[in-house]
Amino acid sequence: MRCLTCKRATNQEHTTRWRAARPVQYRAHYRVQAAVVAGRLLVGPCAECGAEKVHAHHANGYEGDAVFDVVWLCPKHHSAAHKARSEATEKGAG
Ligand SMILES: [Zn+2]
Ligand SMILES: [Zn+2]
C-alpha cells in the first residue's frame with residue numbers, strides 16, 4: 001500500500017503522521033470503516049472500471065452525512081479523481 005500523496009510505502013510512523021496532519025480525514029475514514037463493518041455501508045466495485053480493490057473517496061467532503069457519501073474507486077481512479085479535483089479548487093479531500 002502506497003500513499004497517494006507522497007508515494008511512500010505506508011508504515012506505522014507514516015500512518016501516525018498522516019493522522020496528525022489530517023484529523024478530519026482520519027475520522028471520516030474511521031467512521032466509514034465502522035459503518036462497513038456494521039453493515040450500514042456497502043463496499044462496491046470501482047465506479048469507473050469495476051475493480052474490486054477499492055478506496056472510499058469522499059466526493060462531497062467530510063462534514064456531517066457527507067462522511068458516508070462515498071464513491072468507491074480503485075487506487076488508479078481514486079488518484080485520477082484527486083488529480084481532476086486539484087486542477088479545480090479543492091485540495092486534499094479524501
Ligand atoms: Zn477503477
Ligand atoms: Zn479520495
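1. Read along the sequence, the protein chain follows the pattern α-α-β-β-α, with three helices and two strands. Helices (H or I, at least four residues) and strands (E, at least two) are DSSP runs, numbered from the N terminus. This is a predicted model, in which local features need pLDDT of at least 70 and side-chain atom pairs count only at pLDDT 80 or more, while totals for chains, interfaces and linings use all residues. Residues are numbered from 1 along each chain as its sequence is written, and chains are lettered from A and ligands numbered from 1 in the order in which they are written.

2. On confidence, the average pLDDT (the predictor's confidence in each residue, from 0 to 100) of the protein chain is 86, and 82% of the residues score at least 70. Among the elements, the lowest mean pLDDT, 82, belongs to helix 1, and the highest, 96, to strand 2.

3. Of the 94 residues in the protein chain, 16% are buried. A residue is buried if 20 or more other C-beta atoms lie within 10 Å of its own, exposed if 12 or fewer, and partly exposed in between, with C-beta atoms placed from the backbone. Two residues are in contact if their C-beta atoms, placed from the backbone, lie within 7 Å. Of the contacts with a separation of 6 or more, 50% are accounted for by residues 24 or more positions apart.

4. The largest nonpolar core has 10 residues in all: Ala28, Val32, Cys46, Val54, Ala56, Tyr62, Val67, Val70, Trp72 and Leu73. Helix 2 (23–37) and strand 2 (70–73) each supply at least two residues of this core; the largest share, three residues, comes from strand 2. A nonpolar core is here a set of buried Ala, Val, Leu, Ile, Met, Phe, Trp, Tyr and Cys residues joined through C-beta atoms within 7 Å. In soluble globular proteins, nonpolar side chains tend to be buried together.

5. The length of helix 2 agrees with expectation: at 1.5 Å a residue its 15 residues should span 21 Å, and its end C-alpha atoms are 21 Å apart. The expected span is 1.5 Å times one less than the number of residues. Just after helix 2, Gly39 takes a positive phi of about 80 degrees.

6. Within helix 2, the buried residues are Ala28, His29 and Val32. Seen down the helix axis, the buried residues fall within an arc of 95 degrees, so they line one face of helix 2; the arc is that of the directions from the helix axis to the C-beta atoms. The buried residues of helix 2 pack against strand 1 (55–58) and strand 2. The face turned away from the buried side carries the exposed residues Pro23, Tyr30, Gln33, Ala34 and Val37.

7. Tyr30 counts as exposed because it has 12 C-beta neighbours inside 10 Å. Tyr30 and Val67 are 37 residues apart in sequence, and their C-alpha atoms are 9.8 Å apart in space.

8. Tyr62, a member of the largest nonpolar core, touches Val24, Gln25, Ala28 and Val67, not counting residues up to four places away in sequence. Val24 lies in helix 2 and counts as partly exposed, with 15 C-beta neighbours inside 10 Å. The C-alpha atoms of Val24 and Tyr62 are separated by 6.9 Å, although these residues are 38 residues apart along the chain.

9. Thr15 is placed in helix 1 (residues 12–21). Thr15 is partly exposed, with 13 other C-beta atoms within 10 Å. The C-alpha atoms of Thr15 and Tyr26, 11 residues apart along the chain, are separated by 9.9 Å.
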